[in-house]
Amino acid sequence: MSILTPKSALKKQLPSSSSSSPDTLEYSSDDSSSSCRGSLSSDRSKSPFRSNDSSDHTVSSEDEGVVVSSSSKTRKRYVSTSRNKSGLSNYTFIRDGDFDIVWPNAAIFVIGHVLYFYSLWLLFTDHDEKMTKTWFFCYWVGFVGGLGITAGAHRLWSHKSYSARLPLRIFLMIGQCIAGQNSLYVWCRDHRVHHKFSETDADPHNTHRGFFFAHVGWLLRKKHPELHKKSGTLDFSDLLRDPVVKFQRDYYFALYFIFAVFGPASLPCLFWGETFSRSMLIVYVSRYVTALHSTWFVNSTAHMFGDRPYNESIQPRENYWVSYGAFGEGYHNYHHTFPWDYSTSELGGKLNLTKKFIDICAFLGLAYDLKQCKTHMIDSRKEKVHLHQQQLQQAQQHSQNQHPIATS
Ligand SMILES: [Zn+2]
Ligand SMILES: [Zn+2]
C-alpha cells in the first residue's frame, strides 16, 4: 500500500507552511538552529518512553505537494484541513484509522496522573513528619530538574544564549535527567524545530491544532509528516559536539533511572526512613507530573493567552502565570522575538528565576558570554507594534464612519 492521496488533490488541501506565517519565521529563527542537522528517529531506542516519531510511513516532497505513503499497513488514512481562527495559517490534519495514538505514552501519562492524585490524597490523609521532609525534599529535586530544563536544555543548549563551563554543564545535564523530558539532544532538537516552524504543521506542538494538542496531545500522537520533512532540513550536529550532551544521549536510559527515578526516591528512605513506595510516589511521580505540566503550559498557554507587545504577528504571548510556574519561561512573545536573549524577557522580568540563577553562575565564573537584547532594539519593536495598533484603530474608526449602519 503506497500512495493514498493524489498529489494534485493534496496540493489543494495542503497549505504551504512557509507561506502561512512569514513573520513567524522571520522573528523566530535563531542563529543556533540554522546550523544543525540530525535525524528525528535516531533516539527512539534510547528513551525510556516511546518516541512519537512515526515509523511506518515515509514522506517525500515533490514540488509543493506531499506524497504520504505507508510501508505495509492497510489502515485507512484521512487527510483534512482546517483554518485557524486568527487566519495566520492552515494546518493539515492527517490521521490513521486508529487515530495514530502512541499508546505506551498514553498509558504512562494516564497511570502517572492517577498516581499523582493518589499522592495528593496521601498528603491530606496519611501525613506525618517523614512525609513533610519528603515533600520538602521533592521540591528541591524538582527545582534542580526545572533548572536543567530552563537554564540547560532551553537557554544554554537550544538557543546558546550564554556559555557554561564544564561543571555547570554537568550540573544542568543531571538536572535535565531529573526532569525526565527525554534526552538533551531530543529536547533541543524539538525545541529548535518549534521555533523555526512555529504554528505550522512542522511545529511539534502546533497550537492551531488546539490547546490539548499543544499541551500534551503532541506526545500522544505520531508526528506530522511535515515535521519529519522540515526538521530534516536543519542541522543539529553542534549539540553532539558537546561531550556532555553526547554522553547523556549515549547513556540516557541508565542516567534517567539513576537521576530521575531511583536516586532521588531512595534518599528519603536512607536519611529519614521514608517508605520506598511513598518516596517513589512523591519524589518521582508527583514531581515528574508537576514538572511536565509546567513545561507544557509554555507550549500551550503561553502560545494562546496573553499580550503580544513585541511582535503581534506571531502566536506566543506574555503570560505571567506561566512565568511563575516555569521559572521565567512565560515571557514568550519576547522570547520568540529575541530567542538568543539569555533572560528571555525585557529587563529580566520579575518572575525570572532562571535569569537569576544564570546571573549567579556568571558571578561565580561558571557562565559567561551572556547575550542580551539592547534596549533600543526592544523599544523599536514595541514602537512598531504600537504604531500598527494605532493604524488598525484608525482604519476601524474610518470604516465605522463610512458604514455606520452596517457596523452598528
Ligand atoms: Zn525557546
Ligand atoms: Zn514557543
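Two residues are in contact here if their C-beta atoms, placed from the backbone, lie within 7 Å. By that criterion, and leaving aside residues up to four places away in sequence, phenylalanine 305 touches Arg317 and Asn319. The structure is a predicted model. The protein chain has 18 helices and 6 strands, and 44% of its 408 residues count as buried. Among contacts between residues at least 6 apart in sequence, 71% join residues at least 24 apart.

**Nonpolar cores**

- The largest nonpolar core has 54 residues, and Cys177, Leu184 and Val283 are those with the most contacts inside it.
- Helices α5, α6, α7 (184–196), α12, α13 (276–299) and α16 (353–363) each supply at least two residues of this core.
- Helix α13 contributes the largest share of this core, 12 residues.
- A second, separate core has 6 residues, including Val102, Phe213, Trp218 and Leu219.

**Helix α6**

- Helix α6 covers residues 166–179 and has 14 residues. From its first C-alpha to its last it reaches 20 Å, close to the 20 Å expected at 1.5 Å a residue.
- Of the 14 residues of α6, 10 are buried, so this helix is largely enclosed by the rest of the structure.
- The buried positions of α6 are Leu168, Arg169, Leu172, Met173, Ile174, Gly175, Gln176, Cys177, Ile178 and Ala179.
- Cysteine 177, one of these buried residues, is in contact with Gln248, Leu255, Tyr256, Phe259 and Ala260, apart from its neighbours within four places in sequence.
- Just after α6, glycine 180 takes a positive phi of about 65°.

**Phenylalanine 259 and helix α12**

- Phenylalanine 259 is found in helix α12, which spans residues 252–272.
- Phenylalanine 259 counts as buried because it has 23 C-beta neighbours inside 10 Å, and the cut-off for that class is 20 or more.
- Beyond residues up to four places away in sequence, phenylalanine 259 touches Ile174, Cys177 and Ile178.
- Phenylalanine 259 and glycine 145 are 114 residues apart along the chain, and their C-alpha atoms are separated by 9.7 Å.

**Packing of α5 against α12**

- Helix α5 (residues 129–158) and α12 pack at an angle of about 145°, with their axes 10 Å apart. The crossing of these two helices is right-handed.
- On the α5 side, Lys130, Lys133, Thr134, Phe137 and Val141 take part, and they meet Pro264, Leu267, Pro268 and Trp272 in α12.
- By class, this contact has 6 nonpolar, 1 polar and 2 charged residues.

**Loop residues with positive phi**

- Lysine 160 is located in the loop between α5 and β5 (163–164). Its phi is near 50°, a positive value in a residue other than glycine.
- Lysine 160 counts as partly exposed because it has 19 C-beta neighbours inside 10 Å, whereas a buried residue needs 20 or more.
- Glutamate 199 is located in the loop between α7 and α8 (211–220). Phi of glutamate 199 is near 60°, again a positive value in a residue other than glycine.
- Glutamate 199 has 27 C-beta neighbours inside 10 Å and therefore counts as buried.

**Other loop positions**

- Leucine 351 lies in the loop between α15 (332–337) and α16. This leucine is buried because 20 other C-beta atoms lie within 10 Å.
- The contacts of leucine 351, not counting residues up to four places away in sequence, are Tyr320, Ser323, Tyr324 and Gly328.
- Leucine 351 and tryptophan 321 are 30 residues apart along the chain, with their C-alpha atoms separated by 9.2 Å.
- Phenylalanine 305 lies in the loop between α13 and α14 (320–325). With 15 C-beta neighbours inside 10 Å, this phenylalanine counts as partly exposed.
- The C-alpha atoms of phenylalanine 305 and glutamine 315 are separated by 9.1 Å, and the two residues are 10 apart along the chain.

Key
Residues numbered from 1 in each chain as written. Chains lettered and ligands numbered in written order. Predicted model: local features only at pLDDT ≥ 70, side-chain atom pairs only at ≥ 80, totals over all residues. Helix = DSSP H or I, 4+ residues; strand = E, 2+ residues; numbered from the N terminus. Buried ≥ 20, exposed ≤ 12 C-beta atoms within 10 Å, placed from the backbone. Expected span 1.5 Å × (residues − 1). Axes fitted to C-alpha atoms, helices over the stretch in contact; angles between N-to-C directions. Left-handed = near helix turned anticlockwise from the far one by under 90°. Nonpolar A, V, L, I, M, F, W, Y, C, P; charged D, E, K, R; others polar. Core = buried A, V, L, I, M, F, W, Y, C linked by C-beta atoms within 7 Å.
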